[in-house]
Amino acid sequence: MSHSKYIPSIDGLRAIAVLAVILFHAFPEVIPGGFIGVDIFYVISGYLITGLIIKEIEVSKTFSFKAFYLRRAKRLLPASLGILAITALLSWWLLPPTVRSDLGKDIFAASIYVSNYLFAFWQNDYQNLNATPSPVIHYWSLAVEEQFYIFWPLLIFALWKIGKRKLVALGVIAITLASFLFSLYLTAKSPIWAFYSLPTRAWELGFGALILFIPKGILAKRDFIRTLIIW
C-alpha cells in the first residue's frame, strides 16, 4: 500500500538540486558550491521516506517491509541498472586501457550499492579527481541512499513499537546529532571516508525526517519559514 502524496514544491526543489550539481560539474570555478545539490536530495529523501513509513504505520498499525523494498526496487533499479549497463559498454569501448582495467570492479561495486565505501577505500577523492575518474563515480550517492532505505524502516518501526511517535522523534534527533558530530570528527581525521559513508551522511537524511515532527502551527508561520531560508 502506498500513502505517498504528490508535493509540487518538492519537484521544484529537486530540479534546483539537479541544476546545481550539473553546473558544478560543468563550471566548477563558477559554481563552486553546486555540490550542495546532493545534500538537498538527502534532506528530501529523509523527509519523504520517513513520512511514508510513519503514515503507513499510523494508518495500518503495522508496516510491510516487503512492499516497501519492492516499491524502492521498482522505482530505482530499472533506471540505475540500465544506465549502469550502458555506461559499462560505452566506457569499455571509449576509455583507455588504463581505466578499463579497473572498470569491472567499479561496475560491480555500483551494481550492488557499495561503491561509496569502495571508492573511499580506494581513496577516490571526489573533490580532487584525476584526469580520468571512474565513469560510475557518481553512483556513490545512490549507494548511500540505498543503504539508508535498508536500515531506516527497521529503525523507525522498532522505535514506533516501543514508544510511538514521540520515541521516533527522539530517536531521529539522537541519530541526527550523533551523525553530525561523527561527521565533524571524521572530516578532520579522514575526509574521504567522511564524504562517502552513510554514518557521516545520515544527519542530512535525519534533518529531512525531523521536519515531519515540527508542529504544523509553527511550520505554517511566515517567521519560521523566513528563519529557515536565512539559516
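Helices are DSSP runs of H or I with at least four residues, numbered from the N terminus. In this predicted model, helix 6 spans residues 139–189 and includes Thr 176.

The mean pLDDT of the chain is 82, with 82% of residues at 70 or more. Among the elements of the chain, the highest mean pLDDT, 94, belongs to helix 8 (residues 198–210), and the lowest, 47, to helix 10 (residues 222–230). Over residues 224–231, pLDDT remains under 50, and the model has five contacts beyond four places in sequence for this stretch.

Thr 176 has a relative accessibility of 9% and therefore counts as buried, the cut-off being under 20%. Its side chain reaches the backbone oxygen of Val 172 at 2.7 Å. When residues up to four places away in sequence are not counted, Thr 176 touches Trp 203, Gly 206, Phe 207 and Leu 210.

Helix 6 also packs against helix 3 (residues 65–94), at an angle of about 175 degrees and with the axes 12 Å apart. The two helices are therefore roughly antiparallel to each other, since angles over 145 degrees are classed in this way. On the side of helix 3, the contact is made by Phe 65, Phe 68, Tyr 69, Arg 72, Leu 76, Ser 80, Ile 83 and Leu 84. Helix 6 contributes Tyr 139, Leu 142, Glu 146, Tyr 149, Ile 150, Pro 153, Leu 154 and Phe 157. The residues of this contact divide into 13 nonpolar, one polar and two charged.

Key. Residues are numbered from 1 along each chain as its sequence is written. This is a predicted model: local features need pLDDT of at least 70, side-chain atom pairs count only at pLDDT 80 or more; totals for chains, interfaces and linings use all residues. Side-chain values use heavy atoms; hydrogens and water are left out. Buried means under 20% relative accessible area, exposed over 50%, partly exposed in between (1.4 Å probe, protein chains only). A polar contact is a pair of N or O atoms within 3.5 Å; within protein, one must be able to donate a hydrogen and the other to accept it, and residues adjacent in sequence count only if both atoms are side-chain atoms. Contact means heavy atoms within 4.5 Å. Axes are lines fitted to C-alpha atoms, for helices over the stretch in contact, and angles run from 0 to 180 degrees between N-to-C directions. Angles under 35 degrees count as roughly parallel, over 145 as roughly antiparallel, 65 to 115 as roughly perpendicular and the rest as oblique. Ala, Val, Leu, Ile, Met, Phe, Trp, Tyr, Cys and Pro count as nonpolar, Asp, Glu, Lys and Arg as charged, and the others, Gly among them, as polar. pLDDT is the predictor's confidence in each residue, from 0 to 100.
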